[in-house]
Amino acid sequence: RLFTLPIDSPCPNQIIAFKCLYHRRPYWFLDSGSSSARPRIVTFDTMRKRQIDTLKIFNHNVQEVKENEEYLVNFDCGGREIAINILLGTGFPNEKPKLIVSPILRHPWVNGTTGEIENAPGILNYTIHSDLGRIVQAVGREFEKHPPRFVNESTPQHHTQSHHGPPPAHQQCRNGNVQEFSADKRKALHSPSHEPDPFGLRNLTTDELDRLNTDEDCLEEFITKLPFLQQQNEEMDQLLVGIESLAVDNLARKQTVEERKAKVESLALEFKELGQQWDTLNQRYQRKAEDFSPQHIKELLQIAVSMADGKSDDEAQRFLAGQSDVGTFLQNFIESRKLYTMRKAKEERLVQQLTALERAAF
């Protein structure tokens with residue numbers, strides 16, 4: 001169903017547009033100043049695409065995470081980079097977008113638990129006619145002009161430090177997330193219970209460790225007795241045995257493979273010779289088929305009938321001219337007419353047979 005409404009109608013176009021977007025229906029606006037003006041159709045997908053286009057126009061470094069659903073914009077916040085993740089629900093632009101900042105900042109606009117930007121003016125006053133790009137741009141400018149601190153940041157962090165000063169307590173990731181470790185966590189990470197010990201060095205005394213460090217024979221013996229190294233040696237021995245068995249099997253089949261290869265080459269040569277013979281015989285067959293085709297035989301019979309008829313006419317002309325006697329004329333004329341009659345009968349018979357075949361759809 002389509003909704004049309006003049007611009008000067010008492011009911012605003014915004015209300016109609018809102019209802020159409022809510023029910024996922026296309027709508028159009030019609031200019032009341034001209035009766036012949038064509039209506040301008042605005043669909044739900046068109047409105048959504050326009051909002052995404054404004055995001056790319058008013059902001060730099062827009063990254064498309066998932067087409068038409070999720071986008072990422074990076075901003076500078078006091079010398080450190082933050083990322084705003086824009087999530088567009090199925091009801092957008094009818095429903096407001098969800099903006100999540102990472103890392104979480106201490107700011108009145110930001111939810112300190114989830115990192116969602118909830119109290120920005122553009123989010124609070126959002127309508128279907130708001131520009132998504134301007135909303136994100138305003139949030140980014142607020143963070144750039146008034147850089148907030150991170151939620152996990154107790155004291156301001158300096159970008160430069162002396163060569164003898166302690167290292168920073170946080171590490172910045174590629175996407176701008178800040179990971180902070182307390183003293184208890186650092187102690188737990190460096191504790192022996194969290195470090196892997198594949199060589200079993202924790203169970204050795206200091207004297208045994210010194211001996212391993214100074215005596216190469218003792219170190220080599222210790223290494224050869226390591227469980228995982230013994231397992232690797234066993235697997236390597238099994239692989240070597242398998243490789244040797246496969247090599248012996250391949251050598252045993254070498255003669256058979258060569259014999260079959262020679263047989264295949266011989267068959268290929270024979271096939272080539274037979275192919276050449278077939279080509280020669282096929283050409284010969286095509287010539288014979290053309291020579292003995294019914295149409296060709298019919299043409300030859302017509303030529304023979306014409307020659308026999310002409311020969312009898314020549315005999316009659318010589319007799320009339322006095323060039324042959326009666327006996328010679330009768331003998332030659334009767335033979336030529338007999339030959340003409342026989343050939344003419346064969347021609348007519350062949351024509352009848354060909355006509356019958358054509359009628360029988362052969």
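So, let's jump in at a glycine. H10 is followed by Gly322, and the phi of Gly322 is positive, near 80 degrees. Keep in mind that this is a predicted model.

Let's back up into the helix itself. H10 covers residues 294-320.

Which residues of H10 are buried? Those are Leu301, Ala304, Val305, Ala308, Ser312 and Glu315. When you look at that spacing, remember that an α-helix has 3.6 residues a turn, so residues three or four places apart point the same way. Part of the cover over those buried residues of H10 comes from helix H11, residues 326-359.

Between H10 and H11 there's a loop, and Ser324 sits in it. Buried or exposed, what would you say for Ser324? Its relative accessible area is 19%, and the cut-off for buried is under 20%, so Ser324 counts as buried. If you ignore neighbours within four places in sequence, Ser324 has contacts with Arg318, Phe319 and Phe329.

We've got four strands in an open sheet, ordered S3-S4-S5-S6, and the pairing is antiparallel. The edges are strand S3 (62-66) and strand S6 (98-102); each has a single partner strand, so one side of each has no neighbour in the sheet. From one strand to the next, the twist averages 25 degrees.

Helix H2, residues 44-58, lies across S3, S4 and S5 and runs at about 25 degrees to S4. Helix H4, residues 132-145, packs on the sheet too, touching S4, S5 and S6, and its direction makes about 25 degrees with that of S4.

How do H2 and H4 sit relative to each other? Their axes come within 6 Å and cross at roughly 40 degrees. Roughly parallel stops at under 35 degrees, so H2 and H4 are oblique to each other. On the H2 side, the contact uses Gln51, Thr54, Leu55 and Phe58, and on the H4 side Leu132, Gly133, Arg134, Val136 and Gln137.

Same length check for H4: at 1.5 Å a residue, its 14 residues should span 20 Å, and its end C-alpha atoms are 20 Å apart, which agrees. The buried residues of H4 are Leu132, Gly133, Ile135, Val136, Gln137, Val139, Gly140 and Phe143. What do they pack against? H2, S4, S5, S6 and helix H3 (121-124).

Last bit, zooming out. The chain has eleven helices and eight strands. Of its 362 residues, 22% are buried. It exposes about 26800 Å², with carbon and sulfur atoms supplying 54% of that. And if you take contacts between residues at least 6 apart in sequence, 47% of them join residues at least 24 apart.

Methods:
Residues numbered from 1 in each chain as written. Predicted model: local features only at pLDDT ≥ 70, side-chain atom pairs only at ≥ 80, totals over all residues. Heavy atoms only, no water. Pairing = 2+ DSSP bridges. Helix = DSSP H or I, 4+ residues; strand = E, 2+ residues; numbered from the N terminus. Axes fitted to C-alpha atoms, helices over the stretch in contact; angles between N-to-C directions. Contact = heavy atoms within 4.5 Å. Expected span 1.5 Å × (residues − 1). Buried < 20%, exposed > 50% of the residue type's maximum accessible area, 1.4 Å probe, protein only. Areas by Shrake-Rupley, 256 points an atom, 1.4 Å probe, with all protein chains shown as cover. Parallel < 35°, antiparallel > 145°, perpendicular 65-115°, else oblique.
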